[in-house]
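This briefing is meant to be read with the sequence and the coordinates open. Please look over the model first.

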Amino acid sequence: MAEDSKDVIKQPAANPTGTERTRNRRVFVPRVDIYETADTIVLVADMPGVDETGVDITLEKNVLNIVGEVKATEEKEYSLSYAEYDAGDYERAFTISDEVDRDRIEATVKNGVLRVVLPKAEAVKARKIAIKAA
Amino acid sequence: MYGPVLWRFGRAMDPWPEIQRLQQEMNRIFASAAQPYGHEFPAINAWAGENGMVVTAELPGADPEKLDISVVGDSLTISGYREADALKPGESYHRQERSCGRFTRTIQLPFHVDAAHVEATYERGILHVVLPRSEAEKPKKIAIKS
């Protein structure tokens with residue numbers, strides 16, 4: 001058990017009311033950390049089973065949408081006898097403010113963890129105001 | 001001027017909506033109690049086969065160098081460390097949902113494992129351990145003498 005214990009069960013993602021997904025597959029909400037540094041906002045998402053080819057990040061207006069597609073794996077000569085997790089895709093959307101420089105967003109995937117770096121736009125970076133002597 | 005009015009005055013109550021509400025409430029409670037999944041980290045799936053088992057675990061962001069897998073007799077222990085990004089002073093979290101820190105989990109298997117031939121791979125945040133059954137425990141065919 002991790003020291004900082006949180007619910008480890010993956011939460012299924014909600015569909016917009018009255019719609020269904022075309023693919024008959026489970027979709028989960030990835031757990032996400034978001035932190036802010038002086039120049040960037042960093043988003044870290046747990047997406048086990050996803051590699052760099054399966055991630056789709058779109059930014060439309062001010063909605064950042066993250067989709068992670070998991071490749072189905074199957075054990076040959078073995079049958080599932082005990083299960084605590086389901087494999088499925090990941091989807092989550094965030095609204096972001098205008099202060100992000102949209103052209104320089106970078107994303108990497110390593111060991112099933114997606115990391116999106118959203119650089120802050122020059123105009124909104126905090127500036128230190130020098131006080132002139134009167 | 002009958003049912004609804006009486007109900008509103010509280011003299012006679014239609015029990016049906018109340019029973020339905022209670023039923024829904026009970027269903028909700030039992031549905032969450034009977035959750036099929038454990039709460040331990042990492043979550044595992046186990047696959048059984050003729051020659052042994054395959055255990056997979058969702059372990060996003062674990063350092064494969066620091067991942068420790070050991071087999072003793074019929075138990076498999078997975079332990080490791082999930083590191084959180086170190087924040088410098090002045091940096092702050094907007095939200096923190098991922099768990100971090102040290103984790104250990106031991107699973108008891110239905111057979112003794114041939115420890116020398118255990119194979120583990122870690123890809124895309126999923127740990128995959130192949131656990132062959134020890135030679136001594138494999139089923140043996142008994143020949144019938146005439």
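The model is predicted. Chain B has 146 residues, of which 22% count as buried. Its secondary structure comes to 2 helices and 8 strands.

**Chain B overall**

- Among the contacts in chain B with a separation of 6 or more, 52% come from residues 24 or more positions apart.

**Interface between chains A and B**

- On the chain B side, 38 residues are in contact with 37 residues of chain A.
- Four elements of chain B give two or more residues to this side: β1 (44-49), β2 (52-58), β5 (92-96) and β6 (101-108).
- The most comes from β1(B), with 6 residues.
- By residue type, the side of chain B that touches chain A divides into 16 nonpolar, 12 polar and 10 charged.
- Strand pairing also crosses between the chains: β7 (residues 78-83) of chain A and β1(B) run antiparallel and are joined by 5 bridges.
- Within this pairing, Trp47(B) in β1(B) is the bridge partner of Leu80(A).

**Strand pairing in chain A**

- Strand β8 (residues 89-95) of chain A is joined to β2 (residues 27-29) of chain A by 2 bridges, and the two run parallel.
- In that pair, Asp89(A) of β8(A) stands opposite Val27(A).
- β8(A) is also joined to strand β6 (residues 63-68) of chain A, here by 6 bridges and in an antiparallel arrangement.
- The bridge partner of Val63(A) in β8(A) is Thr95(A).

**A sheet in chain B**

- Three strands of chain B form an open, antiparallel sheet in the order β3-β4-β6.
- β3 (68-72) and β6 of chain B are the edge strands; each has a single partner strand, so one side of each is left without a neighbour in the sheet.
- From one strand to the next, the twist averages 15°.
- Strand β4 (residues 75-82) of chain B and β6(B) are joined by 8 bridges and run antiparallel.
- Across this pair, Ser79(B) stands opposite Thr104(B) in β6(B).

**Nonpolar cores**

- The largest nonpolar core has 19 residues, and those with the most contacts inside it are Met53(B), Val55(B), Ala57(B), Leu127(B), Val129(B) and Leu131(B).
- Two or more residues of this core come from each of β1, β2, β4 and β8 (126-132) of chain B.
- Leaving aside neighbours within four places in sequence, Val55(B) is in contact with Ile44(B), Ala46(B), Leu76(B), Ile107(B), Val129(B) and Leu131(B).
- Another core, of 18 residues, lies apart from the largest one and includes Val50(A), Val70(A), Val113(A) and Leu114(A).

**Ala121 of chain A**

- Ala121(A) lies in the segment after β10 (113-119) of chain A.
- Ala121(A) is partly exposed because 15 other C-beta atoms lie within 10 Å, a count between the limits of 12 or fewer for exposed and 20 or more for buried.
- Beyond its neighbours within four places in sequence, Ala121(A) is in contact with Glu99(A), Val100(A) and Asp101(A).
- The C-alpha atoms of Ala121(A) and Val100(A) are separated by 5.2 Å, while the two residues are 21 residues apart along the chain.

Conventions. Residues are numbered from 1 along each chain as its sequence is written. Chains are lettered from A and ligands numbered from 1 in the order in which they are written. This is a predicted model: local features need pLDDT of at least 70, side-chain atom pairs count only at pLDDT 80 or more; totals for chains, interfaces and linings use all residues. Two residues are in contact if their C-beta atoms, placed from the backbone, lie within 7 Å. Ala, Val, Leu, Ile, Met, Phe, Trp, Tyr, Cys and Pro count as nonpolar, Asp, Glu, Lys and Arg as charged, and the others, Gly among them, as polar. Two strands pair if DSSP finds at least two bridges between them. Axes are lines fitted to C-alpha atoms, for helices over the stretch in contact, and angles run from 0 to 180 degrees between N-to-C directions. A nonpolar core is a set of buried Ala, Val, Leu, Ile, Met, Phe, Trp, Tyr and Cys residues joined through C-beta atoms within 7 Å.
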